[in-house]
Amino acid sequence: MIESSDLRMTRIPLNHGAGHMPALGFGTLIPDAAVTITATRDALEAGFRHFDCAERYGNEREVGRALQAGLAAGGITREDIFVTTKLWNSNHRPERVEPAFEASLDRLGLKYLDLYLIHTPFAFQPGDEQDPRDQNGNVIYDHDVTLLDTWRAMESLMDHGKCGAIGLSDISLNELKPIYESARIKPAVVQVEAHPYLPETELLEFCKEKDVVFLAFAPLGHGIRPGPLEDPVISAIAARVGKTPAQVLLAWAVQRGTALLTTPRTAARARENFDIAALPEDAFDEINRIQTRQRLNEVVKTGIPGFIPQARMKMKAKPQLEQSMQEEQIRTALDTHWHASAVGDADLEHDIYDDDAICDYPQSGERILGRRNLQALRSHHPGKPSGFKIRRILGNGNLWITEYIITYQGRLAYTVSIMEFRNGKVVHETQYFGDPFEAPAWRRQWVQQIA
Ligand SMILES: NC(=O)c1ccc[n+]([C@@H]2O[C@H](COP(=O)([O-])OP(=O)(O)OC[C@H]3O[C@@H](n4cnc5c(N)ncnc54)[C@H](OP(=O)(O)O)[C@@H]3O)[C@@H](O)[C@H]2O)c1
């Protein structure tokens with residue numbers, strides 16, 4: 001447990017190079033370009049000096065612009081900030097590593113990086129398509145490159161003085177150990193999901209023993225509710241120590257010796273998340289005793305991101321085939337729709353529907369007619385569905401099926417949505433839930449019965 005009178009200033013030494021990582025990090029996984037700029041600026045103003053980016057987030061330019069503006073405003077130099085970005089899965093082939101690194105650097109408008117991470121241990125088909133899929137909608141993996149091959153290329157970046165440190169992300173202890181053993185330059189940082197529901201104690205012990213910085217993402221459980229932010233132990237401690245649940249979770253993470261990444265999107269949240277203070281030892285121990293276990297992001301199992309701002313994904317044109325172009329558009333529209341559902345962006349979510357779309361829930365006998373009623377129902381929903389996890393999206397032509405898991409009415413529900421498209425918009429959707437649900441009375445004003 002780290003003892004410090006001012007947790008906010010905690011800096012953790014890196015095992016190669018002379019650098020230190022500020023423990024409190026700001027994550028830039030933000031779907032909206034304008035919000036990326038304001039949130040990064042607000043984080044810098046609140047005191048954050050550690051910025052976590054990724055090629056895959058599609059917003060390195062915006063983060064770079066906000067950082068440049070902050071540096072130009074004076075008072076902060078490039079040496080005061082710590083910037084990380086990540087190599088995406090489709091660039092694992094050794095010959096693609098340096099160009100990917102240089103492209104990120106260029107987008108960020110920086111001359112050097114403090115840390116470069118392999119985003120996930122999964123290699124996807126090499127190329128500029130970040131999300132390569134086969135005809136069934138399954139990711140195309142690249143089996144002709146190993147993680148060690150990619151790591152060797154990362155070591156070369158270090159040899160050429162291109163970045164301060166290198167590391168891995170979304171990796172399990174079993175995958176880390178052989179890389180650690182074979183590495184000429186040992187990983188300096190491991191970035192993984194961690195919070196009281198997923199403490200990753202064994203991995204943390206390994207990291208401490210080997211002087212690898214453990215960098216926790218989702219310290220607030222991705223903000224998903226119910227989740228660590230609403231845990232009764234956390235709420236009780238927050239009330240006791242006069243801090244917010246978010247501040248308690250972030251303090252706990254730093255006190256147990258990890259660095260962290262959090263994503264406040266407003267200036268007030270940035271100030272709140274930076275304003276942490278050490279917890280009393282009994283509170284710290286109480287959090288360690290929380291028994292709930294939950295992984296929120298499945299990226300570690302597949303390399304497929306759980307929380308990517310899909311709305312910003314660039315569409316790859318295939319002009320030679322009009323039909324496949326349309327399918328690609330539908331696929332992108334679906335990604336945008338489900339991501340917007342997950343983050344509760346009702347306008348973006350409903351962009352996909354035709355004005356006269358019909359939505360059926362055969363298990364409850366409900367039918368919703370028209371986009372406006374769909375939108376009204378969703379924005380009046382009392383306990384909004386949360387924790388969207390897309391299992392897969394399948395389809396072609398005009399018929400598309402999405403399987404996903406949500407927390408609905410407080411329970412996890414396996415759900416299938418079948419959508420029929422016409423002219424690029426949904427004209428008919430049918431949704432099935434794992435458990436048949438009974439329609440609550442408040443829905444009736446927007447709902448009719450299926451004839
Ligand atoms: N390596 C990987 O594969 C990977 C995966 C995911 C994330 N990351 C990195 O980790 C960063 C952190 O993301 P995260 O989702 O894990 O962060 P997080 O801080 O656990 O969750 C962010 C969510 O918490 C909410 N939130 C933020 N501050 C709050 C507060 N004070 N009180 C209540 N709610 C609050 C935000 O709500 P609002 O929606 O209201 O803003 C947002 O939805 C990312 O930006 C990214 O850099 C890496």
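Me: Which element gives the largest share of the shell around the ligand?

Reply: That is H9, with three residues. Helices (H or I, at least four residues) and strands (E, at least two) are DSSP runs, numbered from the N terminus. Helix H9 spans 267–274, and strand E10 spans 259–262; each supplies at least two residues of the shell. Before we go on, please keep in mind that this is a predicted model: local features need pLDDT of at least 70, side-chain atom pairs count only at pLDDT 80 or more, and totals for chains, interfaces and linings use all residues. Residue numbers start from 1 along each chain as its sequence is written.

Me: How many residues surround the ligand, and which are the closest?

Reply: A residue counts as near when its C-beta atom, placed from the backbone, lies within 6 Å of the molecule. Here 28 residues surround the ligand, and Gly27, Leu29, Phe217, Gly223 and Ala246 are the closest. The shell then has eleven nonpolar, twelve polar and five charged residues.

Me: In what order do the strands of the barrel run?

Reply: Follow the pairing, where two strands pair if DSSP finds at least two bridges between them. Eight strands close into a barrel in the order E3-E4-E5-E6-E7-E8-E9-E10, with parallel pairing. Direction ignored, neighbouring strands of this sheet are turned by 25° against each other on average. Leu215 stands opposite Ala259 in E10. H8 packs on the sheet, where it touches E3 (24–27), E9 and E10, and its direction makes about 155° with that of E10.

Me: At what angle do H7 and H8 pack?

Reply: Axes are lines fitted to C-alpha atoms, for helices over the stretch in contact, and angles run from 0 to 180 degrees between N-to-C directions. H7 (residues 232–241) and H8 (residues 245–255) pack at about 100°, with their axes 8 Å apart. H7 and H8 are therefore roughly perpendicular to each other. The names go by angle: under 35 degrees is roughly parallel, over 145 roughly antiparallel, 65 to 115 roughly perpendicular, and the rest oblique. Contact requires C-beta atoms, placed from the backbone, within 7 Å. By that rule, Ile234, Ser235, Ile237 and Ala238 in H7 meet Pro245, Val248 and Leu249 in H8. This contact has six nonpolar, one polar and no charged residues.

Me: How far apart are the axes of H2 and H3?

Reply: The axes of H2 (residues 60–72) and H3 (residues 94–108) are 7 Å apart, at an angle of about 45°. That makes H2 oblique to H3. Glu60, Arg61, Val63 and Gly64 of H2 make the contact with Ser104, Arg107 and Leu108 of H3. By class, the contact has two nonpolar, two polar and three charged residues.

Me: Where is the cis peptide bond?

Reply: Look at omega: it is about 0° at the bond joining Arg225 and Pro226. Pro226 is found in the loop between E9 and H7. For phi, check Asp211, which has a positive value of about 60° although it is not a glycine. Asp211 lies in the loop between H6 (201–210) and E9.

Me: Which strands pair with E11?

Reply: E11 (residues 353–361) pairs with E16 (residues 425–433) in the parallel sense over four bridges, and with E12 (residues 366–369) in the antiparallel sense over four bridges. Cys359 has Glu429 in E16 as its bridge partner, while Tyr361 has Glu366 in E12. E11 and E12 form a hairpin with four residues between them, and Gly365 in the turn has a positive phi of about 75°.

Me: How many residues does each domain bring to the contact?

Reply: Bounds come from an automatic or database domain assignment, which gives domain 1 (7–300) and domain 2 (318–449). Their centres, taken over C-alpha atoms, are 32 Å apart. Domain 1 brings six residues to the contact and domain 2 brings eight.

Definitions and conventions. Two residues are in contact if their C-beta atoms, placed from the backbone, lie within 7 Å. Ala, Val, Leu, Ile, Met, Phe, Trp, Tyr, Cys and Pro count as nonpolar, Asp, Glu, Lys and Arg as charged, and the others, Gly among them, as polar.
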